Amino acid sequence: MPRRRRCRDGDGAETTTVPETMSDPTTEDEAFMAEALAEARAALALDEVPVGAVVVIDGTVVGRGHNRTRTDTDPTAHAEVRALRDAAAAIGDQRLRGAVLYSTVEPCFMCAGAASHARVARIVFGVRDPKFGACGSIGDVPREGRLNHTSAVTEGVGAEEARALMVGFFRSKREEAAERRAAESDGGAREGA
Ligand SMILES: [Zn+2]
């Protein structure tokens, strides 16, 4: 059982109780992460880094998103931001109280910050991101007590498939780059001959 403490909510008018430490996966987490993984595959189909996210309130998916930064030429078009925007539009409220944000990959500072602004109650992610992760890797935005909202974090849900998608994507990108270099050096050799 995670230790709990009272937490002042952003509006200052009310308090919410949030777990302070790592929270264990629930039985629903795997099912909702499967929805996020479907979004990650949608990103992959666009040749985007395969990250997907969903927002769940009261056991219902209210927002979905997948990474579209290249497709939309938008550095903020991360899966989580898109899912949060989708959820806020769906429920007609910028505050997603009681929401759980599922992401296949550890949210970055921008996305963890957006989740904090939205008052997300819990963040569940698959694999850590050692280069951008802000939910335990480089920083820990959801559990930073100086911020006016904190969220519980659960990691490792759906990790195997999330990792396989990422590893497969970056491997294919490396192979494409190697093929391009080989083709270029072939061309160079012919020009030189
Ligand atoms: Zn992000």
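The structure is a predicted model, in which local features need pLDDT of at least 70, side-chain atom pairs count only at pLDDT 80 or more, and totals for chains, interfaces and linings use all residues. Residues are numbered from 1 along each chain as its sequence is written. The protein chain has four helices and seven strands, where helices (H or I, at least four residues) and strands (E, at least two) are DSSP runs numbered from the N terminus. Of its 193 residues, 39% count as buried; a residue is buried if 20 or more other C-beta atoms lie within 10 Å of its own, exposed if 12 or fewer, and partly exposed in between, with C-beta atoms placed from the backbone.

**Overall organisation**

- Read from the N terminus, the elements of the protein chain follow the order β-β-α-β-β-α-β-α-β-β-α.
- Among contacts between residues at least 6 apart in sequence, 55% join residues at least 24 apart; two residues are in contact if their C-beta atoms, placed from the backbone, lie within 7 Å.

**The five-stranded sheet**

- An open sheet of five strands has the order β4-β3-β5-β6-β7, with mixed pairing; two strands pair if DSSP finds at least two bridges between them.
- Strands β4 and β7 stand at the edges with a single partner strand each, so one side of each is left without a neighbour in the sheet.
- From one strand to the next, the twist averages 15 degrees; axes are lines fitted to C-alpha atoms, for helices over the stretch in contact, and angles run from 0 to 180 degrees between N-to-C directions.
- Strands β3 and β5 are antiparallel and pair over four bridges, with Ala53 opposite Ser103 in β5.

**Strand β6 and its neighbours**

- Six of the six residues of strand β6 (residues 122-127) are buried, so β6 is largely enclosed by the rest of the structure.
- Strand β5 (residues 100-105) pairs with β6 in the parallel sense over five bridges, and Leu101 stands opposite Ile123 in β6.
- Between β5 and β6 the chain passes through helix α3 (residues 109-117), and this β-α-β crossover is right-handed; that is, with the strands pointing away from the viewer, the path from the first strand over the helix to the second runs clockwise.
- Strand β7 (residues 152-155) runs parallel to β6, joined to it by four bridges, and Ala152 in β7 is the bridge partner of Arg122.

**Helix α1**

- Helix α1 has 17 residues and reaches 24 Å from its first C-alpha to its last, close to the 24 Å expected at 1.5 Å a residue; the expected span is 1.5 Å times one less than the number of residues.
- Its buried residues are Asp29, Phe32, Met33, Ala36, Leu37, Glu39, Ala40, Ala43 and Leu44.
- Seen down the axis of α1, these buried residues fall within an arc of 160 degrees, so they line one face of the helix; the arc is that of the directions from the helix axis to the C-beta atoms.
- Helix α1 lies across β3, β4, β5, β6 and β7, and runs at about 145 degrees to β3.

**Helix α2**

- Helix α2 (residues 79-91) has 13 residues and spans 18 Å from first to last C-alpha, close to the 18 Å expected at 1.5 Å a residue.
- Residues Ala79, Glu80, Val81, Arg82, Ala83, Leu84 and Ala87 of α2 are buried.
- The buried residues of α2 pack against α1 (29-45), β3 (52-57), β4 (60-66), β5 and α3.

**Positive phi outside glycine**

- Asp47 has a positive phi of about 65 degrees although it is not a glycine, and its place is in the loop between α1 and β3.
- Asp47 is exposed, with 12 other C-beta atoms within 10 Å.
- Arg119, also a residue other than glycine, has a positive phi near 65 degrees and is found in the loop between α3 and β6.
- Arg119 is buried, with 20 other C-beta atoms within 10 Å.
- Arg119 and Pro142 are 23 residues apart in sequence and, C-alpha to C-alpha, 10.0 Å apart in space.
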